Amino acid sequence: MSKYILKKEKVVDALNALGNANAVYIPVKNKRGLVEYKELGRDAAAADAKFDCRPDVPPKAILFPQTQVLFTFKKVDGKIEVVPTEPDDREKIIFGVRPCDAIAIAVMDKVFIGGKFVDTYYKARRERTAVISIACDGPADSTCFCPSTGGSPAATEGSDVLLYDVGDSYYVEVVSDKGRKILESLSASLETPSPEQEKRKDEIVRKAEAAEGFTRSITAESISKLDSSFDSKYWDDVSRRCLSCGACTYYCPTCHCFDINDEPGRKRVRTWDSCQFSNFTMHTSSHNPRTAKAQRLRNRYYHKFKYSKDNTGRYLCVGCGRCIALCPAGLDITKVISEVK
Amino acid sequence: MSGSQAAKGAEAGAVPSEQGEQGFEPKIVAFLCNWCSYAGADLAGVSRLQYPPNIRIIRVMCSGRISPMLVLRALKDGADGVLVSGCHPGDCHYLKGNLYTRRQLQLLRNMLEYYGIEADRFQMSWVSASEGGKFADVVKTAVEKVRKLGPNTRFKVMESQDGGE
Amino acid sequence: MSEENHYIPHVAEITSITQETTGERAVKTFKVDFKDANVQLKFKPGQTCMVSVFGKGESMFAISQSPTRGSLEFSVQRVGRVTEMLHELEVGDEVGIRGPYGNGFPVEQWKGKNIYFIAGGIGMAPVRAVMNYIVDNKEDYGELYLIYGARTSRDLSFKAEIDALEQGGAIDVRRTIDVEEPGWVPLDNKNPEQSKFDPSSRKFTGFVATTVSAMKCTPENALAVICGPPIMIKTCIASLAKLGWKDEQIYTTLENKMKCGIGKCGRCNIGGVYVCVDGPVFTYAQVKKMLNDQ
Amino acid sequence: MSDEKIREEAKKALRERGLKCVIGWSADGTPLFAETEDDIDRLSFNKDCANNLVGYLTQEVRSQRGKTRDGKEKVVKPVGIVVRGCDSKALLLLLNENILSRKDVFIIGVPCTGVEDKRAGALYRKCVKCAMRNPVVYDVLASEKVPEDEKDYSEIEAIENMSVEERWEFWEEIFADCVRCHACKRSCPVCYCDECLLDPTDVAIRPDTTADEKAHRPRWVERSVNVRENLLYHLARLPHLAGRCVDCGECERVCPQRLPLRLLTAKLEKDVKEIFCYEPAKEEGQKPLIAMSKMEDENEFIM
């Protein structure tokens, strides 16, 4: 049997129990009102967990930190020795992930673990990470559009356990073996669902399948227009108000571009980078293939909806809507794609 | 001096503070203008005036060359204090370089303090070519002030902040 | 970590440095040897490596020697941060190497063909690797030609090596320079077809593309390998097209800013193609299909 | 009421002055580049219109500049813009610094009683008490001037009253959250340099930059995002804004982490006022603070 009930009043105990053996990350509100993932016990208490909204910051950084030392090097008797950074080998659980962010993790897996080369650092973290998600009861935010990208408010992809908010309890559905093992350690707090709760859960699933309540969307038809609009003047017009900052990319759960630099202290560091920065593609010779912000903006949308689809079969966008909510210039990805010409 | 040299030096050694036997010995990066203060320092040396060996002198053509970035960089890379010294107002070899820098650096000094970096970590002086004695005094005062403040730990990186796994 | 961590370079020692050219944009060839005898790099001509100068950074370079010659070499022009630091290194100094990356030239498919190697400036580095490979397996291939251009005669790299190849009769070599010098036969850049081309001349003044036109490279049972600055690649392709070459017969190499070399960091893409893993070698037919993302 | 006036004046200027476009807000508050009379009919000003549009003005004017084939200066079509009081200050600063020329811009001023932060559902903090509600430079005003408040420095003073240790911790806590997306810098109307020393790259590069220069130029701020680099990043912006920042609050508005960046810029403005009796963008033709010097400037802090 793989369906349980976790009473909301027992969530704090359950989190603390998980925290004994794992690093548990939960969404909490920070001082400035932003909901972001923090580590239980270190930066957050279980009672502060905030599960009733889409976190403002995706859990991306837990698997792919913004700043990561790849290796340090030292000189021993005048000879260089490279010392790779030891991977973070703690077992991790991200609790309260929204389905879009969970799908994003599956998408990132394709980028970093799929393909010809494996990213050791990502893989080391990913293998030790379990994802416990909470299905959304309709769109979690007015900027959401996950159904348009192949997701759903109750999608299980990328999750190990999926919770449904059925009033005073969470209906617990096991998705993977990893999830099953975690729930075994919580068996004391779990109960059997009542028919009433089953019904409530089915209702959430039905609403999710019908994509009820979503005000934003991108149609496959408008995405297909990208095939012929690469050289369109549209990109000049739409990028006019772009500031070339990195807000959209840094808060995107699937944006994964990075930079590698040697920094003082004899270390090589990998940091997030953004394709919207003007120097992103600049060659040493000063030639820059994407000088204009129109080119950079276009590259971002094409990467998300065309290149990635062509290469891996899926969009590099999960419809979380954060880039819409955070864009200082009010650029709306759904609008931009829908109006492509 | 060019910006690159200053930064290179900073990158390489980052002037770590030392805990000497008599206690804390501050390291102070001193930017001296070529025409007055550096000559003043020279005179102090030639006249065999004693002053603390805690300063590392970087000669610049004019104190007007001191970008606030140089001060910040020195502090970030671990200098316990920064001293900028130029010609007296009116005596600048380039007429007004020192006056411009006075404006910029006064604001910087205020902002440092507002940021939580003790204002005395950044000091300025006017020392002319003939003021060897004053130069020795300036260095003594600067070192004493910084000694009182203790090591500059503001920009020290904590291991945990460093993105290490 | 059982599988290879691709971000960790292997430490290698510089065993020899050859100053190919001098000046602001000098070129040096570095021969390197891995410190750890267990590390072996199996590579194909045209593949690339990330070379680190520890503390300064790393950059992607084409391996400039053929795998048949038994050594790992990089020919590096002094252009930016990492290359400047590389040029300051001496024999015995250590660098980091990771790779090989990229697809390399499909030399197996080329058997039996006549090959025109066309190189400009530092573009000679990857061409040298594949040219030496073909020369070392000469019996499998047809006639070989090299058209190699640079700004001045002093900017031509690998002088002794190419001279030796030429004298040994392995390959037909034509050199071109941009600025006239005594002893170099001038070609007409504006009307390349009308240029008088004396087959016995080896040294010309004119663009590489002009020499290609004047020489009337024949497309029958042939292919061309073009490496060099973008403008030179473009003009050479145009020249070849006029001579009746098909897009599939023309191979070229692309480059873009790279950081990871393994298709993750997201900056070397041209449309959906990642130059670091899908390239750097493409036929012109492939290049044509790419989006004009330049 | 003011919407009609904005549209009427914009249309008139579009016709009579041959504007390239009019930069304003659409009713939902997003920036709008109106090129036709139809576009202009979508211009609006309301509580949602929070963006400072002056950065776009520089962009639109600069993109037209350059030389024609025969070496003549290209003709710059004037660009229209709708500005609030705070925006107009930034615009005046650009005029004073000769980044923009008065003949290249057509300014429709809108007196403003504050705009709302949609995320918080309340007025932006900078708007609660505002000393620059009325545009200071304009061709036409779209509505009646409104009363202004005294500048409120109470938050700044509270920080000044902390101990030096407390202050450091205060900023440390704030900038630990910075992700360095560069939105603050990119949105700043008076940050108009093409290359910035805080840009995320090794070196600023032109085709003729030598290898030596690229190799040895300092990286002022490392790419690593940690408290130390973040603190330096924000501290390093300030000297460049000294006597120039008009405290329009755009950096704070755009910050995705909602960092209170105005606590830095307002302090800068306060110091400039107190020490040098200088107010950026106070009047037309004013010289930049840092480009002036006086023998009698304060000397007390110098040994």
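**The sheet in chain B**

Helix α5 (residues 132-149) of chain B lies across β3, β4, β5 (81-86) and β6 of chain B, and runs at about 160° to β5(B). Helices (H or I, at least four residues) and strands (E, at least two) are DSSP runs, numbered from the N terminus. Axes are lines fitted to C-alpha atoms, for helices over the stretch in contact, and angles run from 0 to 180 degrees between N-to-C directions.

This is a predicted model: local features need pLDDT of at least 70, side-chain atom pairs count only at pLDDT 80 or more, and totals for chains, interfaces and linings use all residues. Residues are numbered from 1 along each chain as its sequence is written, with chains lettered from A and ligands numbered from 1 in the order in which they are written.

The open sheet has 4 strands in the order β4-β3-β5-β6 (chain B), with parallel pairing. Its edge strands, each pairing on one side only, are β4 (55-60) and β6 (122-126) of chain B. Two strands pair if DSSP finds at least two bridges between them. Strand β3 (residues 28-33) of chain B pairs with β4(B) over 6 bridges, in the parallel sense. Ile28(B) has Ile55(B) as its bridge partner in β4(B).

Now the contacts. Between chains D and B, 36 residues of chain D are in contact with 40 residues of chain B; two residues are in contact if their C-beta atoms, placed from the backbone, lie within 7 Å. On the side of chain D that touches chain B, α10(D) gives the most, with 7 residues. Chains C and D also touch, through 8 residues from chain C and 7 residues from chain D.
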